[in-house]
Amino acid sequence: MSRTAVMCGIGGWVPPTLVTNADLAARLDTSDEWITTRTGIRQRYVVPPGMSTSDLAVEAGRAALKSADLDSADAVIVATTTPDRTCPATAPTVASRLGLAGVAAFDVAAVCTGFLYALATGAGLVSTGQADRVLVIGADAFSTILDPGDRSTVSVFGDGAGAVVLRPGEATEPGALAGFCLGSDGSLADLITVRAGGSEQRSAGAASPGDEFFSMQGREVFEHAVSKMAVAARTAAERAGWRLDEVDRFVAHQANVRILRAVADQLDLDHSRLVVDLDRVGNTAAASIPLALDHANADGTLRPGDRVVAAAFGGGATWGATTFVWPRLRSI
Ligand code: COA
């Protein structure tokens, strides 16, 4: 039997500052009614001053290790678009703060698809025997890169982190990662971007006002998110040998409930199979899928033995999907 990566721990964490739709409506030209009906989001959490992505990642990582009954791992991967600093990567800091100094630690950048890319990378480390225990974390503090006056992004994004632990096992076990369907199209890079701060802008010189902020062309992103996640999910299910009507839970990147429903419609999946926590936490970018898994595991929406398809779309553009049978895991 070949060596396969198996999920054996789960954790999630959101920062303490709650921002409701009413809070946003008090300072921006928006309303609870608009945000709720157009996105499904009712509230999100943001980092207080002084807290950054590594703080979120450490808390989620600690919870995932505890869930796995482990106090160490031999690799730490952090998927993030909001690293503590442009240089170095955030993962070594996270590893060190978890008492894991000396282990392999690096970041993966694929925006809202980042967790699936990191999970595929971690699964590769385990299946090739490079590592026995891998902590894979998705963590983002998008509130630190948003234009506070941009109602279309401030109302959508929240901060948070989610994590899983991988161990070696067999392909037939619950929690085994069956395979990944990952893709990208760099010609769509301008749809989701922060123009300033990178080598392109620094080399060219001055930036235009506002270029330091995250920008998103919402309507176009919406359409690509639906079509790319549907195709990736269908491909991943086919590779696993599952018919779509055999899928118990669909865990898609929590961008907008209208996107989730549209993807489900394309896949002929009943909306009751959607895992949804964006109403409570908004779009937490790389944290979105592991946080949704942790919340669904904790509240019983996800049960051991459930057949799960997970799919994401993000800046790049990037997209991906994977399948697994949900294992028995303890949420902390
Ligand atoms: N409150 C009130 N009006 C808002 C608003 C808000 N919070 N956000 C946007 N609007 C306005 C826009 O300014 C626009 O006004 P205009 O027509 O006068 O210019 C109008 O609503 C329609 O904008 P549009 O972008 O077409 O709205 P939408 O229904 O597509 O919803 C998003 C906007 C951002 C919620 C939606 O496009 C979305 O979810 N996009 C995908 C996000 C995503 O998938 N991200 C994944 C990768 S991170």
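Is Thr 153 buried or exposed? Thr 153 counts as buried, at 0% relative accessibility. The model is predicted, and the domain assignment divides the protein chain into domain 1 (4-169) and domain 2 (178-325). Between these two domains about 3,300 Å² of area is buried, and the count of salt bridges between them is zero. The whole structure holds ten salt bridges.

**Domains and their interface**

- The centres of domain 1 and domain 2, taken over C-alpha atoms, are 14 Å apart. Domain 1 gives 44 residues to the contact, and domain 2 gives 43 residues.
- Carbon and sulfur atoms account for 68% of the area buried between domain 1 and domain 2.
- Although no salt bridge is counted between domain 1 and domain 2, 15 residue pairs are in polar contact across their interface, with both residues at pLDDT 80 or more.
- On the side of domain 1 that touches domain 2, the elements giving two or more residues are β1 (4-13), α2 (32-39), β3 (43-46), α5 (114-127), β6 (134-140) and β7 (160-169). Helix α5 supplies the largest share of that side, with six residues.
- Sorted by class, the side of domain 1 that touches domain 2 is made of 25 nonpolar, 13 polar and six charged residues.

- Side chains of opposite charge can pair when their charged atoms come close.
- A network of salt bridges links Arg 243, Asp 245, Glu 246 and Arg 307.
- Glu 246 is partly exposed, with a relative accessible area of 26%. Arg 307 likewise counts as partly exposed, at 28% relative accessibility.

**Buried positions**

- Thr 153 is placed in helix α6 (residues 151-154). Leaving aside residues up to four places away in sequence, Thr 153 touches Leu 146, Phe 214 and Met 216.
- Val 78 belongs to strand β4 (residues 75-79) and counts as buried, at 0% relative accessibility.
- Beyond residues up to four places away in sequence, the contacts of Val 78 are Ala 91, Val 94, Phe 106, Asp 107, Val 108 and Ile 137.
- Val 78 and Ala 89 are eleven residues apart along the chain, and their C-alpha atoms are separated by 8.6 Å.

**Backbone features to check**

- Most residues other than glycine have a negative phi, and most peptide bonds are trans.
- Cys 87 and Pro 88 are joined by a cis peptide bond, with omega about 5°. Pro 88 is in the loop between β4 and α4 (91-97).
- A cis peptide bond also runs from Gly 316 to Ala 317, with omega near -10°. Ala 317 is in the loop between β12 and β13 (318-325).
- Val 111 is not a glycine, yet has a positive phi of about 50°. Val 111 lies in the loop between β5 (104-108) and α5. With a relative accessible area of 17%, Val 111 is buried.
- Asp 268, also not a glycine, has a positive phi of about 60°. Asp 268 lies in the loop between α9 (257-266) and α10 (278-281). With a relative accessible area of 72%, Asp 268 is exposed.

Conventions. Residues numbered from 1 in each chain as written. Predicted model: local features only at pLDDT ≥ 70, side-chain atom pairs only at ≥ 80, totals over all residues. Heavy atoms only, no water. Domains from an automatic or database assignment. Contact = heavy atoms within 4.5 Å. Buried area = accessible area lost by both parts, 1.4 Å probe. Salt bridge = Lys/Arg side-chain N within 4 Å of Asp/Glu carboxyl O. Polar contact = N/O pair within 3.5 Å; in protein donor to acceptor, adjacent residues only side chain to side chain. Helix = DSSP H or I, 4+ residues; strand = E, 2+ residues; numbered from the N terminus. Nonpolar A, V, L, I, M, F, W, Y, C, P; charged D, E, K, R; others polar. Buried < 20%, exposed > 50% of the residue type's maximum accessible area, 1.4 Å probe, protein only.
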